[in-house]
Amino acid sequence: MRSLLHLIICLGLIIGGGCGGKKSSQTPALTGSADISTNAFSVDSKFTVLPEEGMKGKVVWLNASLRFVVLTFPLGQVPTLDQRLSVYRNGSRVGELKVTGPQRDENTVADIVSGEAQKDDDVREK
């Protein structure tokens, strides 16, 4: 537990240390070395964090025999009627949906056009 606390503090200092100085157009690299006695480590590579774009929802209910699903999305990101969406499971595309409605708040109904869908599958714009 103590080494985990040290790791969190070290990472906070490394990341927070770059916030107060002169701004650069280049992405800073995190450098450092491993300390075997405390099990602490640091990252020696450059990284970039990008916001996820597009709408993303989830399958919350499925009627396999009638081939339709109920989807939920964050408020303000519900797809429009007749919009085509892709279904993903474990990062792989497994199906295609067409939004048919009805729609209420953050939930909407879609028909399964091709492939399949299961509860908790991810749904994204095609």
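**Exercise 1.** Decide whether D120 is buried, partly exposed or exposed in this predicted model, and describe its place and backbone.

*Solution.* Begin with the relative accessible area of D120, which is 47%. Because buried means under 20% and exposed means over 50%, with partly exposed in between, D120 counts as partly exposed. Next, locate the residue: D120 belongs to the loop between β5 and β6. Finally, look at the backbone, where phi of D120 is near 75 degrees, a positive value in a residue other than glycine.

**Exercise 2.** Find which residue forms a salt bridge with D120, and state how far apart the closest N and O atoms are.

*Solution.* The partner is K119, and the closest N and O atoms of the pair are 4.0 Å apart. As for accessibility, K119 is exposed at 52%, whereas D120 is partly exposed. Elsewhere, salt bridges that share partners join R84, R93 and E96 into one network. Within that group, the side chains of R93 and E96 meet at 3.6 Å, N to O; R93 is partly exposed, with a relative accessible area of 46%, while E96 counts as buried at 10%.

**Exercise 3.** Work out which parts of the chain are tied together by the salt bridge between R89 and D121, and whether each of the two residues is buried or exposed.

*Solution.* First, confirm the contact: the side chains of R89 and D121 meet in a salt bridge of 3.0 Å, N to O. Then place both ends: R89 lies in strand β3 (residues 84-89) and D121 in the loop between β5 (107-115) and β6 (122-125), so the pair ties together parts that are 32 residues apart in sequence. Last, compare each relative accessible area with the cut-off of under 20% for buried: R89 has 19% and counts as buried, and D121, with 4%, is buried as well. For context, a search of the whole structure finds seven salt bridges.

**Exercise 4.** Describe the backbone features found at P102 and at D105, and say where each residue lies.

*Solution.* Start with P102, which is joined to G101 by a cis peptide bond whose omega is about 10 degrees; the place of P102 is in strand β4 (residues 92-104). Continue to D105, found in the loop between β4 and β5, where phi is positive, about 50 degrees, although the residue is not a glycine. To complete the description, D105 is exposed, with a relative accessible area of 59%.

How values were computed. Residues numbered from 1 in each chain as written. Predicted model: local features only at pLDDT ≥ 70, side-chain atom pairs only at ≥ 80, totals over all residues. Heavy atoms only, no water. Helix = DSSP H or I, 4+ residues; strand = E, 2+ residues; numbered from the N terminus. Buried < 20%, exposed > 50% of the residue type's maximum accessible area, 1.4 Å probe, protein only.
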